[in-house]
Amino acid sequence: MGLQHATVVDTHRLPWESGLDYLRTLAPAFRDNLGPADQVEANFAKYRQKNLYLDPNSTRRLDWVQLEPGYSDLTHCCHDSVEEGFLLGGEVALDGEAHLQAADYFWRPPGWIHHARTEQGVELLLGFEGKSNESGPVSRHVCEAQQAGRNHLISHTDESSLGTRGRLCKVSSSGLVWQPGHAYARSEGPLAGFDLPNLSVRPLSRNPHTGQQTVLLRLSPGYRQHSHGAHSVWWQMVVLSGSLEWGDEVMGPGVFVHRPAHTTEPPMASASGAVIYAKLDGWMDFVPQASPLT
Ligand SMILES: [Fe+2]
């Protein structure tokens with residue numbers, strides 16, 4: 001039995017969209033503020049992406065992005081939305097923030113002024129929260145270069161400029177300990193049936209009031225949930241390495257899944273182990289459910 005409610009996208013089967021195609025998917029408030037019009041086209045030829053998720057109502061989106069060597073934003077800018085990224089490879093210099101390499105992560109609350117430039121090229125998962133309790137719509141405001149590292153919307157001395165999860169310019173995930181599943185579960189739950197002994201977690205960012213979070217999940221070889229189950233909140237996940245067996249699907253690196261809240265799916269298993277980049281819209285829980293087939 002396959003997954004009943006979740007949307008599964010194998011990014012390897014998606015064609016790359018050129019940056020010019022991407023421009024057409026952007027909200028006008030973003031598209032029309034990218035910089036000098038005659039340079040936008042040449043620069044966006046170095047930009048390509050695969051869209052994994054786009055909600056037209058909230059403007060929330062998640063894209064798999066490649067920037068060729070030499071790509072540079074045409075202007076400094078900021079957004080009304082949170083912007084979030086996880087580097088899959090390469091490097092990028094974010095002016096006013098940090099220099100990021102593979103496995104580095106950032107969460108930028110609304111308003112912080114930045115500029116991206118890559119010498120070697122970069123590949124990343126790039127997300128915008130859109131209109132949510134985390135942030136405003138996906139927009140783009142052109143800003144002065146000398147304002148890099150300051151906040152355009154809120155005084156940077158005002159604590160609210162840190163947003164819901166803090167201003168995380170660079171989280172080097174490879175330097176974080178893997179939290180054992182049982183220890184991690186003390187702040188979440190209930191997680192009965194989630195195979196906690198074979199789970200470990202690297203939290204990347206979290207809203208401490210709502211539990212909304214972005215994490216790396218490592219499933220040890222032999223991971224197996226005990227039954228069908230559901231989560232109280234929506235999940236988005238991308239397999240980074242290894243593979244999963246889920247329903248009658250085998251999911252390897254590059255597979256994206258969006259699972260709505262309160263939807264029952266078959267147990268997830270991983271015979272060989274896997275690492276997953278996951279976004280959750282609240283505390284992580286798992287409510288076992290009887291199989292629809294029994
Ligand atoms: Fe940005």
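Two strands count as paired if DSSP finds at least two bridges between them, and on that basis Val8 stands opposite Val257 in β21. The model is a predicted one, and its protein chain has four helices and 24 strands.

**Sheet**
- Seven strands form an open sheet in the order β1-β21-β18-β23-β15-β14-β13, with antiparallel pairing, and its edge strands, each pairing on one side only, are β1 (7–10) and β13 (179–180).
- Strand β21, which covers residues 255–259, pairs with β1 in the antiparallel sense over four bridges.

**Nonpolar cores**
- The largest nonpolar core has 52 residues, of which Leu124, Leu125, Leu217, Val238, Val239, Ile276 and Tyr277 touch the most other members, while strand β10 (residues 122–128) gives the most to this core, with five residues.
- Because domain 1 (14–174) and domain 2 (176–289) both give residues to this core, it lies between them.
- Val238 touches Leu125, Phe256, Ile276 and Tyr277, when residues up to four places away in sequence are not counted.
- A second, separate core of five residues includes Cys77, Cys78, Trp112 and Cys143.

**Overall form**
- The radius of gyration of the protein chain is 19 Å, which agrees with the value near 19 Å that a compact globule of 294 residues would have, and the C-alpha trace spans about 60 × 40 × 35 Å along its principal axes.
- Buried residues make up 39% of the 294 residues in the protein chain, and among contacts between residues at least 6 apart in sequence, 77% join residues at least 24 apart.

Note on methods. Residues numbered from 1 in each chain as written. Predicted model: local features only at pLDDT ≥ 70, side-chain atom pairs only at ≥ 80, totals over all residues. Helix = DSSP H or I, 4+ residues; strand = E, 2+ residues; numbered from the N terminus. Core = buried A, V, L, I, M, F, W, Y, C linked by C-beta atoms within 7 Å. Buried ≥ 20, exposed ≤ 12 C-beta atoms within 10 Å, placed from the backbone. Domains from an automatic or database assignment. Contact = placed C-beta atoms within 7 Å. Rg over C-alpha atoms; globule rule 2.2 N^0.38 Å.
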